[in-house]
Amino acid sequence: MERSASSMDESITSAPELECWSSENLEELRHLLACTSMELESARQAAKSQEQIYTCKLTHLEELLRAAQRERDEARQKAFDPSAATITSSWEELPDPAGDYSFLLDDVALDDTTVVLDLSAPTLDHPFHADAAAAGFFLGNPPLSKTSPRNAAAMDDLEAAVVTSALPERGHLLDAVMQAGPLLHNLMLAAAPPRLSHVPHLPLPRWHHPPPEMAKSAKSANSGTAGSARSTRVRKNSNKSAKTLSAAAADLKISAGKLKTMSVVAQVIGEGQLNELPLEEVARLKKKEGKEENPSDLVRHSAAREVQFDEERGPRFICYRGPPESRPLVPLALVESSFFSFRMNARATTEVEEVDIDTAQQLWNLCSVGWDDEVTQMTPAVNKLFQSYLCRFVSRTDIDGKPGDGVVEGQMVVFEHKLQPADGYFQGLEYLRRRFLSTRDTGFRQPYGLLVLLACPYIQAVAVVMDWDTEKVFAEPLTSFVNCYGAQEFEDLNLLAATLRAVRLFCDQYDPKARVHPAVPFMFRDKPIQQLEERLVFLLEPTRLAKLTRVYSSEAHKLWAKANVAPSLHSAVDIGGGWIQVEMVYLRKEDGWQDAKQVVSDCARDPASLNRLTECIKAAAIKGHKTGYVHGDLRLPNIKLRSRADGSFDVMFIDFDWAGKIGEATYPAVLSPEHAWHQDAKYKKPIEPEHDLHFVNNLVRQV
């Protein structure tokens with residue numbers, strides 16, 4: 001019998017499917033789903049925004065580089081035109097490198113609007129230059145001399161190319177120089193004569209007292225030789241662009257974590273590999289850097305998604321939260337009898353004892369007052385309370401080098417504390433996983449444990465099983481979040497006491513040597529079983545089938561079996577905890593029985609065969625309805641067929657979970673939207689015989 005909720009709810013929610021949800025719990029799940037979806041969308045938008053920012057910055061850098069190259073070429077063409085005989089002859093008449101080059105370093109005689117630059121003692125004559133002096137910097141390297149007769153004509157053109165714009169406004173000199181970017185730099189580089197390596201290169205302008213924002217980059221820029229500086233600034237260097245982006249991120253005061261990610265992106269840009277980086281890829285790059293994972297990081301949904309959506313290893317925790325494969329095959333309450341008993345004890349509010357009520361009242365009072373600090377106040381107080389209650393040592397213990405809030409000595413029972421409501425689910429599971437793995441080499445591997453989440457003012461218990469074959473952790477909540485505050489005369493206090501009693505009894509009954517497997521129910525642990533395609537259907541013997549279900553109509557099954565349209569029913573026993581164990585005859589393939597889906601697929605192309613098959617199934621369904629009971633779910637998975645020699649079929653119906661008397665049986669709360677239900681099939685509406693025939697009349701649509 002298949003009763004699946006929507007795939008989105010199955011993959012996201014951490015709530016167990018073993019309880020009937022109230023509307024309040026469903027609203028909480030919808031709220032959690034909405035919050036997670038919004039967070040995911042925000043992360044995607046932020047990633048796209050960052051990519052656009054980097055793309056714009058890279059484009060801007062390329063434009064600046066092209067502009068600088070153009071101005072450099074124009075300056076060279078004007079200053080060193082080969083057609084100018086006087087200039088060419090001047091360079092050809094230059095002495096050897098040991099000669100005098102003072103003609104290149106003469107003072108500049110310009111008007112009063114020009115900064116006069118000198119190597120030894122620069123002067124700042126313009127009134128606006130007081131701003132530069134106050135800022136603690138000046139340009140200390142002179143251009144070519146204009147007074148030298150050797151290159152006066154060339155320098156007139158060079159001066160016109162350099163001094164073309166008005167001076168900046170008062171108080172904005174620093175901004176103007178910084179905005180000039182590489183242009184001023186390249187113009188000064190252009191003053192050097194080409195093809196003459198023996199001529200010394202003019203030093204570039206330098207900051208005597210660089211601003212804080214540029215200190216690091218300026219130091220890097222001036223550390224090399226003049227020749228290396230020229231090649232670095234002129235050629236298109238992708239690695240330089242990457243470093244520029246990282247420096248820009250620092251100037252914008254972006255957090256250290258984001259800066260590291262941006263540096264990775266900048267490196268990818270520099271290597272010419274700019275692509276859209278998903279969150280999983282960024283996480284993989286972070287792991288390559290050797291960053292050690294801290295369990296407390298898993299409080300963040302983004303970090304939890306990284307470990308649950310790991311493409312290489314699959315989800316770390318099989319706990320209903322994450323991709324579809326993160327759903328356990330068997331509810332953990334059926335895997336270990338301690339979990340099965342825990343569920344029943346947590347609901348037995350009439351069985352609580354005085355010690356349970358007293359402990360619940362103390363925890364009630366502690367959570368009502370609250371704490372200011374988790375480590376120094378909350379954890380010691382809670383551990384002391386549970387140590388007295390459980391009569392076992394409970395302490396804040398290191399687990400694989402990371403401190404766990406509370407660990408019960410000698411048992412796989414871990415407490416996770418939060419000062420306020422927070423998602424400590426994955427953090428607590430990671431602590432338990434590390435505690436399991438710490439026993440891997442001891443020869444004594446414990447198979448299961450309990451996680452107690454105390455997110456003040458709520459408490460929740462979670463079943464945990466370690467699959468040592470895959471080293472995967474299976475988890476499932478055993479309770480909903482129970483209040484630890486409110487009016488003490490209300491039933492919430494009794495429910496809290498029952499939850500604490502369930503924890504106490506679990507510790508008393510804990511068996512570290514138990515043989516537990518996450519895919520084998522404890523009632524079948526000592527039997528050779530085979531799990532069939534359905535989650536909770538097992539083959540006990542060659543002709544005997546067992547099914548674990550919440551509801552089942554044994555009366556309808558017996559009557560339809562008596563009408564020869566259902567397999568014989570051996571037993572349907574209530575095993576407690578809201579579970580029923582059903583055993584029936586197994587319709588084997590060796591006896592000719594086939595799944596209806598395969599038969600319908602084979603007959604779909606032959607209208608005559610399909611009509612004959614439809615009539616056989618319809619006749620069998622009507623035969624069952626004559627018993628006074630309706631099936632409620634006559635989909636193809638619940639139909640078995642065996643062909644006869646005359647071309648007709650024997651028909652058997654299975655899974656009478658929703659079956660009941662005609663006029664009394666009603667539909668459950670959840671109907672899978674994947675199936676084409678009758679238009680009147682709705683919650684609490686009666687199941688009518690024509691609803692069964694609706695599926696029979698639409699066999700092909702179900703394939």
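This report walks through the cores, strands and aromatic pairs of the predicted model shown above.

## Ground rules

Because this is a predicted model, local features need pLDDT of at least 70 and side-chain atom pairs count only at pLDDT 80 or more, while totals for chains, interfaces and linings use all residues. Residues are numbered from 1 along each chain as its sequence is written, and side-chain values use heavy atoms, leaving out hydrogens and water.

## The chain as a whole

The protein chain holds 22 helices and 18 strands. These are DSSP runs numbered from the N terminus, with at least four residues of H or I for a helix and at least two of E for a strand. Of its 703 residues, 44% count as buried; buried means under 20% relative accessible area, exposed over 50% and partly exposed in between, with a 1.4 Å probe and protein chains only.

Contact here means heavy atoms within 4.5 Å. Among contacts between residues at least 6 apart in sequence, 65% join residues at least 24 apart.

## Two nonpolar cores

A nonpolar core is a set of buried Ala, Val, Leu, Ile, Met, Phe, Trp, Tyr and Cys residues joined through side-chain atoms within 4.5 Å. The largest one has 82 residues, and F342, L363, L450, I459 and L496 have the most contacts inside it. Helix α18 (residues 491-509) gives the largest share of this core, 9 residues. The core also draws at least three residues from each of domain 1 (301-509) and domain 2 (530-702), with bounds taken from an automatic or database domain assignment.

For a closer look, take L363: leaving aside residues up to four places away in sequence, L363 touches L385, L454, I459, C484, L496 and L500. A second, separate core of 36 residues includes V537, W560, V600 and A620.

Strand β4 runs parallel to β5 (residues 448-455), with 6 bridges joining them; two strands pair if DSSP finds at least two bridges between them. Within this pairing, K418 stands opposite A455.

## Aromatic pairs

The structure holds 18 aromatic pairs. Rings of Phe, Tyr and Trp (its six-membered ring) pair if their centres lie within 6.5 Å; planes under 30 degrees apart count as stacked, over 60 as edge-to-face and the rest as tilted. The rings of F386 and F415 have centres 4.7 Å apart and planes at 45°, so this pair is tilted. F386 sits in helix α16 (residues 374-390) and F415 in strand β4 (residues 413-418), so the pair ties together parts that are 29 residues apart in sequence.

F386 counts as buried because its relative accessibility is 2%, and F415 counts as buried at 2% as well. Elsewhere, ring pairs link F339, F342, Y448, F506 and Y510 into a cluster.

Strand β16 (residues 639-643) is joined to β17 by 5 bridges, and L641 stands opposite V651 in β17.

T350 belongs to the loop between α14 (337-347) and α15 (354-369). With 71% relative accessibility, T350 counts as exposed.
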